[in-house]
Amino acid sequence: NCWGDVNAGYGAITLTVRGDSGPQATIEDVVISNNVMQHTPNGFNLLGLDDTQPSQQGHGVKIVNNLFLDIDGSHWKGNGEFIKISGMPEVTVDHNTVMQSGKVIWVYGAANSGFILTNNIVRHNGDGISGQDQASGNGTLKVYFPGAVVRRNLIVGADFSRYPTDNFYPTVLAKVGLINPLRDDYRLSSDSAYKGKATDGKDVGCDFDALQAATGRVITR
């Protein structure tokens, strides 16, 4: 578990460039894949440039094939956001299944070029993809994620008119066709409308066979 009272770093994983050891500092080419993360107030905090001292600019973070459960701001004392980001180019978010209580993405400050958001299952909730001083959806994407690739995501509860085409917008989670979310089984059922609809021909969301293969020997307590 990761909760607000003991976590000044915002969420489960914080990747913020800090120039404490000199202006050469950076974060680059990081892959976060095949993990189960749960019981945290927020997901990721990505900051590409130190906001208090000189640094290099980070880039190349990939968040691929993970399961995020109980990302709940009210319970764990945070905002319930999946990703908070500023000035971090070349970020890829692909094939994740995310059960969060707040925004999908909150963005502020510098823009983030080369952003790829594909094949994820997320909840839109109040503001979905939202940026400082911008409307959620296409307005935020245009300003903060120039040239972004946003395809084949399943954004539950979003207003499709405010987001890019070639995504899916079921009104409620029950219409996704998950096997049994009450028992934390977030695989798509055989009759789900979203089976095989990812950009690579796989199911939208996390590849649970790959996840199980990677985590099968992990001991949990």
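Let's start with Asp185, which forms a salt bridge with Arg187, the closest N and O atoms being 2.7 Å apart. By salt bridge I mean a side-chain nitrogen of Lys or Arg within 4 Å of a carboxyl oxygen of Asp or Glu. Asp185 is buried, at 18% relative accessible area, while Arg187 counts as partly exposed at 40%. Buried here is under 20% relative accessible area, exposed is over 50%, and partly exposed is in between, with a 1.4 Å probe and protein chains only.

A quick word on what we're looking at. This is a predicted model, where local features need pLDDT of at least 70 and side-chain atom pairs count only at pLDDT 80 or more, while totals for chains, interfaces and linings use all residues. Residues are numbered from 1 along each chain as its sequence is written, and side-chain values use heavy atoms, with hydrogens and water left out.

Back to the salt bridges: the structure holds eight of them. Another one is Arg151 with Asp166, with the closest N and O atoms 2.6 Å apart. Arg151 sits in strand 14 (149–151) and Asp166 in the loop between strand 15 (154–156) and strand 16 (178–180), so this pair ties together parts that are 15 residues apart in sequence. Strands (E, at least two residues) and helices (H or I, at least four) are DSSP runs, numbered from the N terminus.

Then there's Asp203, which pairs with Lys195 at 2.8 Å between the closest N and O atoms. Salt bridges with shared partners also join Arg18, Asp50 and Asp51 into one network.

Strand 17 (185–188) and helix 3 (208–215) each give two or more residues to the lining of the second largest pocket, and strand 17 has the largest share, three residues.

Last stop, His95. Is His95 buried or exposed? Buried, with a relative accessible area of 5%. His95 lies in the loop between strand 8 (92–94) and strand 9 (97–100). Leaving aside neighbours within four places in sequence, His95 has contacts (heavy atoms within 4.5 Å) that include Asp203 and Cys206.
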